[in-house]
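Here's a quick briefing to read with the structure open beside you.

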Amino acid sequence: MGRLIAVSNRTAADASARAGGLAVALSDALVKTNGAWFGWSGETTQGQPRGVTMFRNEGVDFLLADLTEEERQGYYLSYSNSLIWPVFHYRNDLARFVEDDFNIYSAVNDRFARLIIARARDDDVIWIHDYHFMLLGEALRREGWTGRIGFFLHIPFPPPEIFRTVPQHYHLARAICACDVIGFQSMNDRMNFIRYLREYCGAREREGDIVEVFGRRVRIGAYPIGIDAEMFKSYVSSEKAQNAVRRISRFIGERLHVIGVDRMDYSKGLPERFAAFGKLLDDYPETRGKLSMTQIAPPSRSSVEEYRELRNQLDALSGRINGDYGDLDWTPLRYLVRSFEREELAGLYSISRVGLVTPLRDGMNLVAKEYVAAQNPEDPGVLILSEFAGAAEQLDQALLVNPYDAANLAAAINMALYMPLEERRERWHALNEIVSRYDIAWWREKFLTDLTGESSIAEDDADEARRAAALRAWRKRSA
Ligand code: GDG
């Protein structure tokens, strides 16, 4: 293949946690092909956009466009984050429909298409990421691009009945299908999209993930994203991790520790989780004084009203729990609205008997995989995972729970606290196998191989055979 051209709202040029994961995922392919990465600079301007900042890092070109204040509002805050994000997380009750937003969203996608076309060469491969750029594939075709285009959606794709509440649903689906390979996090998301295409666009399914629709043949697959498991494991022994462990140990003492790490977002099910923790203490008196929970919840997009409301709910719930059950030397639930370094998170995961990952809906959820990677194989903790996270399709040896059901969740925490060592080890081994095999490199390679018909990074045959076997095993597990 020629160069890889990646497009995402934020790029590795900024230090946000999300871009960090994607940066790890794409870096090998971008560096090896001297590729380019397009995205928003994070800057806003008044009036006309200033244009594009360009710089080169390790042979990779970064091309970052500013947005006008109107674009930041219409494309980013409103259409992407106040309409698409809630609807795609099955929360159409929270969606805000503003008539002009789609035009602004569409104009930003068009502008990126022109920026890319001006710099792309014929044999380049374009890989578009996420819900901010669902119209970009079609916009590139309109500008005359005939090369390969891939699209990967990091968030869930809802059932057609919900997707159709977005007024521009048909336009969005058609634009996505201008790409050659369309990737989803899970089989469930893939089926939702295909069902929409079948029922409303006359699509026909063919062999090998191929779908005929809008006069084109596209490949639609499930590519569950992974983490750099080896690197994450190595964090646990770092000085920063050990320092975090020392500090939190003073708070935990001899008690068992429960950890949650989530951006402060309504999709993550934090009020439901706090309520379930309260129910655990209500219904299982023997657990009182025996465990402590820490919830790390860095703020995200706090300008949006729902996030402020969420904050108020969490303050009230944690206040209630600590007020009812706390003692002079025990705070049952601590919740920290700030971020920590990745090494510190690894340390905190590693000493926690329970990892609570209970989103109401999630594309994948990388915290679940990080928690598994950070465990001590001799004395591993227990992952409690929402059945509505994409990760649940792969990580079925976790304790799978319905996050809306407080009694069910409280029972799962209780079970995890008292689970015998042998069972903890068995479950963890199965989970660790999946997290290590289907890591971030596997994800990138699988997607790019399907997109280009060739591996972007040379592998020896044994490695390739191992990955193919692993893929078959995963397919079988999640069929
Ligand atoms: C979207 C989809 C999909 C969290 N707190 C801190 C911190 N984090 C890191 C975690 C993890 C990442 O942020 C969060 O990833 P998730 O997958 O849990 O969730 P989203 O941010 O919603 O990501 C999701 C993902 O895209 C990838 O495709 O899995 O479904 O919603 O890595 O560790 N990182 C640091 N400090 C923190 O305090 N450094």
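In what kind of crossing does H10 pass H14, left-handed or right-handed? The crossing is right-handed. Keep in mind that this is a predicted model.

**Two helices meeting**

- Two packed helices are described by the angle between their axes and the distance between the axes.
- For helix H10 (residues 270–283) and helix H14 (residues 406–417), the axes come within 8 Å and cross at roughly 65 degrees.
- On the H10 side, Arg 273, Ala 276, Lys 279 and Leu 280 make the contact.
- H14 answers with Ala 406, Ala 407, Leu 409, Ala 410, Ile 413 and Asn 414.
- Sort the residues of this contact by class and you get seven nonpolar, one polar and two charged.

- Rolling a probe the size of a water molecule over the atoms shows where empty space is left.
- There are three cavities of 30 Å³ or more in the structure.
- The largest cavity has a volume of about 60 Å³, and its lining has eight nonpolar, two polar and two charged residues.
- Helix H13 (366–373), strand E15 (382–386) and helix H15 (421–437) each give at least two residues to that lining, and H15 has the largest share with four.
- If you want to find the largest cavity, look for its lining residues, among them Tyr 371, Leu 383, Gln 397 and Trp 428.
- The second largest cavity comes in at about 40 Å³.
- His 89, Arg 91, Tyr 266, Ser 267, Leu 360, Arg 361 and Tyr 404 line the second largest cavity, and they split into three nonpolar, two polar and two charged.

**An open space: the second largest pocket**

- The second largest pocket holds about 250 Å³ of space.
- It is lined by 15 residues, and the closest to its centre are Ser 350, Ile 351, Ser 352, Arg 353 and Asp 379.
- Helix H9 (239–252) and strand E11 (256–261) each supply at least two lining residues; H9 gives the most, with three.
- The lining of this pocket has four nonpolar, eight polar and three charged residues.

- Glu 138 sits in helix H4 (residues 136–142) and counts as buried because its relative accessible area is 15%, under the 20% cut-off.
- Leaving out residues up to four places away in sequence, Glu 138 touches His 171, Arg 174, Ala 175 and Ala 178.
- Ala 222 belongs to strand E10 (residues 216–222) and is buried too, with a relative accessible area of 4%.
- From Ala 222 to Pro 298 is 76 residues in sequence and 29 Å in space, C-alpha to C-alpha.

Note on methods. Residues numbered from 1 in each chain as written. Predicted model: local features only at pLDDT ≥ 70, side-chain atom pairs only at ≥ 80, totals over all residues. Heavy atoms only, no water. 1 Å grid on protein atoms, 1.4 Å probe; cavity = no way out; pocket = protein on both sides within 12 Å on 5 of 7 lines; lining within 4 Å. Points joined across faces, edges and corners; volume = space filled by probe spheres on them. Nonpolar A, V, L, I, M, F, W, Y, C, P; charged D, E, K, R; others polar. Axes fitted to C-alpha atoms, helices over the stretch in contact; angles between N-to-C directions. Left-handed = near helix turned anticlockwise from the far one by under 90°. Contact = heavy atoms within 4.5 Å. Buried < 20%, exposed > 50% of the residue type's maximum accessible area, 1.4 Å probe, protein only.
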